[in-house]
Amino acid sequence: MATFFPLFSTLLLLFLSTSPAIAGKCNKEDKKALISIKSHFNNAYHFASWTNTSACCDWYGVECSPNSDRVTGLYVIQDSLAGTIPSAIGDLPFLTSLRFHKLPNLTGSIPSSITKLHNLFLLMLSWNSLSGPIPSFLSSLTSLTDLDLSFNQFSGEIPPSLSSLPILSALHLDRNNLSGSIPSSFSSFKSSPDLYLSHNNLSGDASFLFFASSSVTIIDLNRNKLSFNLSSVTSFPVNITYLDLNHNMIFGSIPNSINELTGPITMFNVSYNRLCGEIPQGAVTSKFDEFSYFHNKCLCGPPLPACKS
């Protein structure tokens, strides 16, 4: 009798800890994948709450659907953990958002297993130390609305296939080591995503991004090596609110069509280029001071000094 109660108590506690009402939600296959991710990072402290005796939907950085036990979100943010992105990420088939952000010791490339995440609409792999080329297989993630690979060390050319993402609303590739030209296919996005391509080594033409029927609102190309004739641009995206072209090698003159825009323009910067001629006067160009125009070859007129006859 003396040994019965301790044994009974142990069995009762075991039952309660594994009871759905107590343990909460956790799909066993998702939990297996998450444990594999934890192991990949050598059981770093960030994953201290990821234990076998607790429900994975209650773990730090894990989000689950309110209607099921499936993991739909995973975020690992601001930590010193080191390693690469684990291939086990691809074993979370219901994932809709994935964030690896501000992990300076996260290195390597994007694993191909990520292509199994057909429900993914947010992929944020930003402010890390990821490197290598941006893989073209990301174009298979057709549910993506936001792709953020900014502040890394990605190199090589931008894969043209990214333009086939049908519902993309924002593309962040800024602050990398990307080179080559902007793919001409970027003029044919179905969804006209906002483009953040600044602080790279991109070269060549970008004038094909500017046409009235595009619904893009933000184009940030500053601090690259782009070279094209701005005079050849006959129209700008009608909804654009932010256009930054500073620190490139753009030549020609500022077209009058910039002043045909009627939306709330918050940024227009063409400084540090090779532009010439008189700044066309109008509602848009008059909103910005000399810092949006200075350090060009021979650009003149308000807000810069008057043109010489």
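Two strands pair if DSSP finds at least two bridges between them. Strands themselves are DSSP runs (E, at least two residues), as helices are (H or I, at least four residues), and both are numbered from the N terminus. This is a predicted model: local features need pLDDT of at least 70, side-chain atom pairs count only at pLDDT 80 or more, and totals for chains, interfaces and linings use all residues. Residues are numbered from 1 along each chain as its sequence is written, and side-chain values use heavy atoms, with hydrogens and water left out.

**View 1. Strands β2, β4 and β6 are joined by parallel pairing.**
Strand β4 covers residues 97–101. On one pairing, five bridges link β4 to strand β2 (residues 71–77), and the two run parallel. Here Tyr75 has Arg99 of β4 as its bridge partner. On another pairing, β4 is joined by three bridges to strand β6 (residues 122–124), also in parallel. Ser97 has Leu122 of β6 as its bridge partner. Strands of a sheet pair through backbone hydrogen bonds, either parallel or antiparallel. Four of the five residues of β4 are buried, so the strand is mostly covered, where buried means under 20% relative accessible area, exposed over 50%, and partly exposed in between (1.4 Å probe, protein chains only).

**View 2. Ten strands make up an open sheet.**
The order is β1-β2-β4-β6-β8-β10-β12-β14-β16-β18, and the pairing is mixed. At the edges lie β1 (62–64) and β18 (267–269), each of which pairs on one side only. From one strand to the next, the twist averages 10°. For such angles, axes are lines fitted to C-alpha atoms (for helices, over the stretch in contact), and the angles run from 0 to 180 degrees between N-to-C directions. In a regular strand the side chains alternate between the two faces of the sheet.

**View 3. Cys57 and Cys64 form a disulfide within an annotated span.**
A disulfide is a pair of cysteine sulfur atoms within 2.5 Å. By this rule the chain has four disulfides. Counting bonded cysteines along the chain, they follow the pattern 1-2, 3-4, 5-6, 7-8. The sulfur atoms of Cys57 and Cys64 are 2.1 Å apart. The torsion about this S-S bond is -90°, and the link is left-handed. Cys57 and Cys64 are both buried. UniProt, in an unreviewed entry, places the feature "domain: Leucine-rich repeat-containing N-terminal plant-type" at residues 28–65. UniProt positions are given in the numbering used here, feature names are shortened, and annotations may be inferred rather than shown by experiment. Residues 28–65 are 34% helix and 8% strand, with end C-alpha atoms 15 Å apart.

**View 4. Cys276 and Cys298 link strands β19 and β20.**
The two sulfur atoms are 1.5 Å apart. The disulfide is right-handed because the torsion about its S-S bond is about 105°. Cys276 is in strand β19 (residues 274–278) and Cys298 in strand β20 (residues 298–300), 22 residues apart, and the pair links distant parts of the chain. Strands β19 and β20 run parallel and are joined by three bridges, with Cys276 opposite Cys298. Cys298 has a relative accessible area of 38%, so it is partly exposed. Strand β19 also pairs in the parallel sense with strand β17 (residues 251–252), over two bridges. In that pairing Phe251 stands opposite Arg274 of β19.

**View 5. Another disulfide joins Cys300 and Cys307.**
Their sulfur atoms lie 1.9 Å apart. With 90° about the S-S bond, this link is right-handed. Is Cys300 buried or exposed? Cys300 counts as buried because its relative accessibility is 13%. Cys307, at a relative accessible area of 31%, is partly exposed.

**View 6. Ser164 sits in a loop between two strands.**
The loop runs between β9 (153–156) and β10 (170–172). Ser164 has 44% relative accessibility and therefore counts as partly exposed. Ser187 is 23 residues away from Ser164 in sequence and 11 Å away in space, C-alpha to C-alpha.

**View 7. Residues 1–23 have pLDDT under 50 throughout.**
pLDDT is the predictor's confidence in each residue, from 0 to 100. For residues 1–23 the model has seven contacts beyond four places in sequence, a contact being heavy atoms within 4.5 Å. Where pLDDT is low, the predicted coordinates should not be read in detail. The chain as a whole has a mean pLDDT of 92, and 92% of its residues reach 70 or more.
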